[in-house]
Amino acid sequence: MSLNKAVLEIRQRIKVKPSPTNEPAASWTGTDLVNGVQTKTLTVIFKSAGCRWGKAGGCTMCGYVYDCASEPPSLEDYMAQLEKAIRKAEKFPEFMVKIFTSGSFLDEQEVVPEARDAILKNLEEDPRVIKVLVETRPNYVTKENVQACLRVLKDKPFELAFGLETSSDKIRRDSINKGFTFQDFVRAAEIAKKYGVTVKVYLMLKPLFLSEKQAMEDIICSIDDAAPYADTISINLCNVQKGTLVEALWEKGQYRPPWLWSIIEILRQAKTAHPDLPLMSDPVGAGSKRGPHNCKICSSEVADSLRTFSLTQNPEDLSRADCECKELWKKVLEIEDFTYGAPILD
């Protein structure tokens, strides 16, 4: 059975309840670095027609495919989604807006150009919005749609975010089932740079079939490879989302989310190698069984230190806690490769 077929079979067993198309899948406020300055943010996950790649199978760790609308939203639905989300930022004098869907904002079959342009025009006309980020798969990026977005946004700064996950085509194919190559990303990033659009790269720590040590080595290498094309790199720590192949293997005891000590060590090394490149990590679900975790004693403190570092970029803010579980983590790095079942890497 192919990896994609295994993912698709799980998708087909999940029953998704219909939900209103005029409400976003989710929205929340936070703080991010914008040009080195801590800035308020509004994140909006639009309920769209759905990720085309996810509907055909998709990524092994992604449960966001279930956040799509039961039927394609109308232009009025998208405007209502934006209006409801933006209320959460009504007290902010200025903020950045980060736009996500269950797939790609620049896929015209997922978000039609009329809706895309209307959303961007609304944000361009709001003087409080100082920057707009949209996430997309790189294969949907063209010089035409980048220029179209810039025409609507006028002088407002624009950023493209890509879920690259890894610079290794083998891992992206055989572990994540991502469906594009590193060169696809490079092509899209170069289009963005040509038109003055900044680039954010998301990497994934510890997808399926990698030991902890292999996963760390992959991220360190991926940061080096992506750095020439990225203005910011954010490292997501794999967590166990419902209705995914990751969950199916986790339930059988065949997958463990990454240790928080691993990302601490990665960021220390990467910040030394790339002192001027903003690096960040927000460990979703940290401390839980389904999320990245150390032990119950230190997980919360270590996760908080990651969030602080993401805003300060000061390696001194990364946790130096001397917890007993750190020795266990070191032993895992030392011996896991000898006991690991069927690694995809030589």
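This is a short tour of the structure above, one selection at a time.

Before you start, know that the model is predicted: local features need pLDDT of at least 70, side-chain atom pairs count only at pLDDT 80 or more, and totals for chains, interfaces and linings use all residues. Residues are numbered from 1 along each chain as its sequence is written, and side-chain values use heavy atoms, with hydrogens and water left out.

**Stop 1: the sheet**

Switch to a cartoon view and look for the strands. Helices (H or I, at least four residues) and strands (E, at least two) are DSSP runs, numbered from the N terminus. Eight strands make an open sheet with mixed pairing, in the order E1-E2-E3-E4-E5-E6-E7-E8. At its edges are E1 (26–34) and E8 (279–280), each pairing on one side only. Two strands pair if DSSP finds at least two bridges between them.

Now select E6 (198–205). Seven of the eight residues in E6 are buried, where buried means under 20% relative accessible area, exposed over 50% and partly exposed in between (1.4 Å probe, protein chains only). E6 runs parallel to E5, joined by five bridges, and parallel to E7 (residues 232–237), joined by six. To see individual pairs, pick Ala-161 with its bridge partner Lys-200 in E6, then Val-201 with its partner Ile-233 in E7.

**Stop 2**

Select Thr-166, in the loop between E5 (158–165) and helix H6 (169–176). Is Thr-166 buried or exposed? Thr-166 counts as buried because its relative accessibility is 0%. A polar atom of the Thr-166 side chain lies 3.0 Å from the backbone nitrogen of Ser-168. Next, show what surrounds Thr-166: leaving aside neighbours within four places in sequence, Thr-166 is in contact (heavy atoms within 4.5 Å) with residues including Ile-171, Leu-203 and Asp-218.

**Stop 3: helix H7**

Select residues 182–194, helix H7. Its 13 residues reach 18 Å from first C-alpha to last, close to the 18 Å expected at 1.5 Å a residue; the expected span is 1.5 Å times one less than the number of residues. Which residues of H7 are buried? They are Phe-182, Phe-185, Val-186, Ala-188, Ala-189, Ile-191 and Ala-192. Their cover includes helix H5 (143–153), E5, H6, E6 and helix H8 (212–226). After H7, find Gly-196, whose phi is positive, near 75°.

**Stop 4: the nonpolar core**

In soluble globular proteins, nonpolar side chains tend to be buried together. A nonpolar core is a set of buried Ala, Val, Leu, Ile, Met, Phe, Trp, Tyr and Cys residues joined through side-chain atoms within 4.5 Å. The largest one here has 94 residues, and Ile-99, Leu-160, Ile-233 and Ile-235 have the most contacts inside it. Apart from it lies another core, of seven residues, among them Val-34, Ile-45, Phe-100 and Leu-133.

**Stop 5: the cysteines**

How many disulfides does the structure hold? There are zero; a disulfide is a pair of cysteine sulfur atoms within 2.5 Å. Select Cys-62: the closest cysteine sulfur, in Cys-59, is 5.9 Å from its own, so the two are too far apart for a bond. Cys-62 counts as buried, at 17% relative accessibility. Finish at Cys-149, which is buried with a relative accessible area of 0%.

Definitions and conventions. A polar contact is a pair of N or O atoms within 3.5 Å; within protein, one must be able to donate a hydrogen and the other to accept it, and residues adjacent in sequence count only if both atoms are side-chain atoms.
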